[in-house]
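Here is a short report for a reader new to this structure. Look at the model first, then read on.

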Amino acid sequence: MKVTLEQVTKKFGKTIAVDNMNLEIRERDFLVLLGPSGCGKTTTLRLIAGLETSDSGNIYIGDTLVNDLPPKDRNIAMVFQSYALYPYMSVYDNIAFPLKIRKVPREEIRKRVRNIAELLKIEELLSRKPGQLSGGQRQRVALGRAMVREPDVFLMDEPLSNLDAKLRIHMRGELKKMHQRLRTTTIYVTHDQAEAMSMATRIAIMDRGVLQQVGSPKEVYDHPANAFVGGFIGSPPMNMWEGDLVEKNGKLKIDTSFFSYPLPPDLKEIAASKVTLGVRPEDVTIDKEKGSNAIKVRIDVIEPMGRELLVTLVSGDATIKMITPSDRTFRIGDKLKIKFKEGKLHIFEGKPL
Amino acid sequence: MQTNSRFRAKKILGKILIYGTISLALIVVLLPLYWSLSTSIKPEKTILHIPIEFFPSGFTLSHYSNIFNIIPFSNYLVNSAIITGGTLFISLVFGSIAAYGLSRYKFPGSGGLLGLIIGARMIPPIAFVIPLYLMISSFGLLDTHLGVILTHCSIVLPFTIWIMKGFFDELPRDFEEAALVDGCSRLGALRVALRLALPGLFVAGIFGFIESWNEFMFALTITRSPASTTATVGLVGLLQTPYQIPWGEIMAGVFLFTLPIFVLGYFVEKHMARVYVVGTVK
């Protein structure tokens with residue numbers, strides 16, 4: 001089932017939590033709403049769930065306008081950050097709860113709960129109370145409660161953030177597998193860009209209530225729409241410098257206060273003269289030839305990351321992060337020349353973050 | 001060695017202080033109870049005997065059978081039970097719904113409303129005996145169970161709202177929101193919240209029970225006949241017996257009257273402890 005938001009705005013007092021948002025979540029999408037805390041992503045999810053009412057705009061689930069429908073009539077299921085398992089009910093009763101409310105026959109309930117428990121490998125936990133479960137087990141039960149009803153849309157509000165790092169990565173894979181199997185439209189909120197990149201079929205990035213960009217993980221990584229998206233996605237973050245766009249003898253270049261760098265001619269359509277140059281650390285390379293493009297730098301910090309090295313370079317007051325294979329040996333204080341990979345330069349209008 | 005013995009002496013002194021204080025408190029609480037029990041089983045002649053008989057020399061249960069003969073005491077107990085039950089029912093049902101609303105929804109004047117409710121609880125009840133009497137009278141509810149129940153609610157309901165609002169405020173909204181998404185209406189979500197705020201309902205219930213069961217002043221003003229008179233009013237009425245005050249019967253009545261509170265305390269205390277243990281293991 002697809003979900004459509006049309007010019008949706010939500011205010012809390014004077015704060016605009018969601019600002020005139022237009023978003024279409026396609027059928028079978030695993031859409032991740034990504035952004036820093038307070039960007040409005042959870043509010044967006046709660047608007048879709050019906051736990052908040054929008055001040056203006058329309059929300060459709062499928063072709064049904066759901067603005068005035070209570071949550072129970074939207075045929076959605078939600079997994080909460082805290083899991084919100086009913087502590088006084090057994091695991092079985094927790095999973096069966098949405099079916100009992102809908103007066104599904106008892107035999108049918110038993111069958112479906114058993115199926116879900118088998119799928120999530122929690123059969124032996126059915127008689128326990130949530131208080132007797134580990135974090136990962138509770139997570140599965142919360143998932144089970146959401147899945148048992150076979151809803152049109154899954155809504156997930158940072159469901160992995162209470163798990164330890166190892167389990168989180170494991171559950172990422174499980175969730176992805178689950179989505180590939182069930183193919184239910186899923187809207188997933190997180191502030192963790194790595195989680196978003198690894199799970200999403202599409203990512204919607206938000207900042208201060210405003211939708212910044214929607215696209216596949218590869219699109220938003222390779223072609224960030226603005227400096228915010230460029231800076232938010234990718235770890236370590238993109239290098240960014242403010243500069244002036246200058247055209248001389250038909251050739252385009254950017255002048256920053258630290259260096260000047262030629263730009264390919266296809267970046268000409270940018271209208272502003274004050275721009276930000278962005279380069280990802282893995283697109284910074286060492287220049288062994290004598291070229292006019294090269295920037296002279298000195299090595300300041302070296303951080304081994306196993307397969308690669310994260311090298312911090314300085315040129316005047318500017319710092320540049322570079323990721324390079326760890327088979328080369330560097331020493332702090334070494335002087336180098338670097339350049340940026342062709343076709344990997346990002347020019348954004350306005351200032352960096 | 002010296003510091004060791006001094007430390008031990010200090011420890012023993014501390015224990016003496018602790019147990020001494022507890023014993024004193026127990027005497028203050030239990031002595032009247034003991035006195036009513038011992039008086040109720042003393043033979044008539046020895047009740048006002050001088051010197052005072054601290055330990056009864058004789059034993060009789062006649063006061064216990066008499067109390068039911070000289071006044072309709074079983075009627076009174078039933079009236080007390082109906083009034084306490086009714087008060088609890090109205091206060092817990094409406095109190096928890098009101099508290100839920102005050103806790104979950106902000107509306108213009110909601111803060112002031114809460115202040116008003118607490119304020120109502122702070123005014124001494126004697127201040128509104130007369131207005132309440134006039135109101136109950138104009139409703140035609142004088143000398144009825146419902147009349148007394150409504151006056152008791154004026155005391156118990158504000159307290160219930162106050163207690164329950166505290167419990168709901170502490171409760172994460174996630175549970176109710178999960179219930180809403182799972183298919184509950186607002187009222188269904190309230191049921192989930194109530195189940196989780198059960199310790200609060202217990203606290204409010206016990207308070208309301210004791211308050212209503214023991215209440216004397218409103219019951220005295222509103223009731224007339226054995227059809228609605230409560231046990232407190234009935235027992236105090238015995239003090240007006242001409243010729244000789246039947247102390248043995250009064251004390252037998254007092255003891256029977258306090259018994260339910262002890263039984264309740266015993267069971268609820270165990271249950272409360274369990275609720276707290278469950279609550280701590282999140």
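How many salt bridges are there between chain B and chain A? The count is two. A salt bridge here is a side-chain nitrogen of Lys or Arg within 4 Å of a carboxyl oxygen of Asp or Glu.

## Ground rules

This is a predicted model, where local features need pLDDT of at least 70, side-chain atom pairs count only at pLDDT 80 or more, and totals for chains, interfaces and linings use all residues. Residues are numbered from 1 along each chain as its sequence is written, chains are lettered from A and ligands numbered from 1 in the order in which they are written, and side-chain values use heavy atoms, with hydrogens and water left out.

## Where chain B meets chain A

Chain B brings 16 residues into contact with 22 residues of chain A (contact means heavy atoms within 4.5 Å). About 1,700 Å² is buried between the two chains, and carbon and sulfur atoms give 65% of that. Buried area is the accessible area (1.4 Å probe) that two parts lose on being put together, summed over both. B:Glu177, B:Val181 and B:Asp182 supply 37% of what chain B buries against chain A, more than any other three residues.

B:Glu177 also forms a salt bridge with A:Arg46, with the closest N and O atoms 2.7 Å apart. On the chain B side, helix 8 (174-182) and helix 9 (186-196) each give two or more residues. Helix 8 of chain B gives the most, with eight residues. Helices (H or I, at least four residues) and strands (E, at least two) are DSSP runs, numbered from the N terminus.

## Two domains in chain A

Chain A is divided into domain 1 (3-232) and domain 2 (242-349). These bounds come from an automatic or database domain assignment. The C-alpha centres of the two domains lie 39 Å apart. Eight residues from domain 1 and four from domain 2 make the contact.

The area buried between these domains is about 530 Å². A:Tyr221, A:Pro224 and A:Ala227 supply 67% of the area that domain 1 buries there, more than any other three residues.

## A closer look at A:Thr312

A:Thr312 lies in strand 17 (residues 308-315) of chain A. Is A:Thr312 buried or exposed? A:Thr312 counts as buried because its relative accessibility is 7%; buried means under 20% relative accessible area, exposed over 50%, and partly exposed in between (1.4 Å probe, protein chains only).
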